[in-house]
Amino acid sequence: MTQRIAFVTGAMGGLGTAICQAFANDGYKVVAAYHPQFDDKNAWLAEMEAAGYKDFICVAGDVSKLEDCQAMAAEAEAKAGPVDILVNNAGITRDKFFAKMEKDQWDAVINTNLTSLFNMSKQFSAKMAERGWGRIINISSVNGIKGQAGQTNYSAAKAGVIGFTKALAQEMAAKGVTVNAIAPGYVATKMVMAIREDILKGIVDTIPMKRLCKPEEIGGACSYIASELAAYMTGATLSINGGLYFQ
Ligand code: CAA
């Protein structure tokens, strides 16, 4: 079998890094998509090389902009080849109680966390269907399922991710392309560590496992969904949240 090619957005964040490493461990060629304003490509690549990962291909752009996604996809195909696995992982928070939330905080989260799924999936889904094999993995959140005070924008976007996943899964099911979501709980990444310490402590107290999720525990789920063994699973949302919430 030829080497599969995976494209991961938000690749240089905590979750994205773990997902890239999981795919590299599985023998895939990995294209790491990053936002040049938020991520330091050279520092990340040096860190990856020190950890034994030498072959990541990097493409830069803003997933909330369709033109950037077109350009990143073209660059990925030119440098790596046809993309078989897309992970829509890029995401941001702009937490505020709704009464204080500004329109730009709403727009930023909806555009980066939800509209990006349109922008990126557009680039690869039809080609995956033509080749008769593909995997689209969308990163949602426990807070898209249960809702979270302070996150009307984020909860709405992440719930939207699940709706998108279920609809596209039906469209692609007969074409060898699966579309699934992962709904992580609170993962030990910079995004979660940015929550005020006392609030975060309160959150961890409510998690039955009494700990944050490790990024590699989400990487492992991506690895499974991308595998042949997961071929019959589509439209699913995998909850990985330490027992915080059951669907
Ligand atoms: N429900 C209802 N009211 C609440 C509340 C809740 N869950 N939490 C706090 N309040 C109340 C407080 O009691 C307080 O009331 P008083 O003023 O009457 O005392 C008021 O709201 C203000 O509370 P804060 O001090 O928390 O307000 P703040 O403005 O400093 O902070 C916030 C607001 C930024 C939203 C903060 O509460 C916060 O960070 N909350 C956590 C949100 C969260 O879980 N984000 C997840 C980020 S990680 C992520 O998103 C990854 C993922 O997928 C899981």
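Predicted model: local features only at pLDDT ≥ 70, side-chain atom pairs only at ≥ 80, totals over all residues.
Visitor: What makes strand 5 largely enclosed by the rest of the structure?
Guide: Six of the six residues of strand 5, residues 134-139, are buried, so the strand is largely enclosed.

Visitor: Which residues of strand 5 point one way, and which the other way?
Guide: Gly134, Ile136 and Asn138 point one way. Arg135, Ile137 and Ile139 point the other way. Residues of both groups are buried.

Visitor: How do you know that strand 4 and strand 5 pair?
Guide: Pairing needs at least two bridges. Four bridges join strand 4, residues 85-88, to strand 5, and the two run parallel. They therefore count as paired. In one of these bridges, Ile85 has Arg135 as its partner. Between the two strands the chain passes through helix 4, residues 103-131, and this β-α-β crossover is right-handed.

Visitor: Why is the contact of Arg131 and Asp84 called a salt bridge?
Guide: The cut-off is 4 Å, from a side-chain nitrogen of Lys or Arg to a carboxyl oxygen of Asp or Glu. The closest N and O atoms of Arg131 and Asp84 are 3.7 Å apart, so the pair qualifies. This pair links distant parts of the chain, 47 residues apart. Arg131 lies in helix 4, while Asp84 is in the loop between helix 3 (66-79) and strand 4.

Visitor: Why is Asp84 called buried?
Guide: Buried means under 20% relative accessible area. Asp84 has 9%, so it counts as buried. Arg131 has 37%, which lies between 20% and 50%, so Arg131 is partly exposed.

Visitor: What makes Asp198 and Arg196 a salt bridge?
Guide: Their closest N and O atoms are 2.9 Å apart. That is within 4 Å, so the pair counts.

Visitor: Are Asp198 and Arg196 exposed or partly exposed?
Guide: Exposed means over 50%. Arg196 has 54% relative accessibility, so it counts as exposed. Asp198 has 48%, so it counts as partly exposed.

Visitor: How do you know that Arg211 and Glu217 meet in a salt bridge?
Guide: The N to O distance is 2.9 Å. The cut-off is 4 Å, so the side chains form a salt bridge. Arg211 is partly exposed at 33%, and Glu217 is partly exposed at 30%.

Visitor: How many salt bridges does this rule count?
Guide: The count comes to nine.

Methods: Residues numbered from 1 in each chain as written. Heavy atoms only, no water. Buried < 20%, exposed > 50% of the residue type's maximum accessible area, 1.4 Å probe, protein only. Right-handed = clockwise from strand over helix to strand, strands pointing away.
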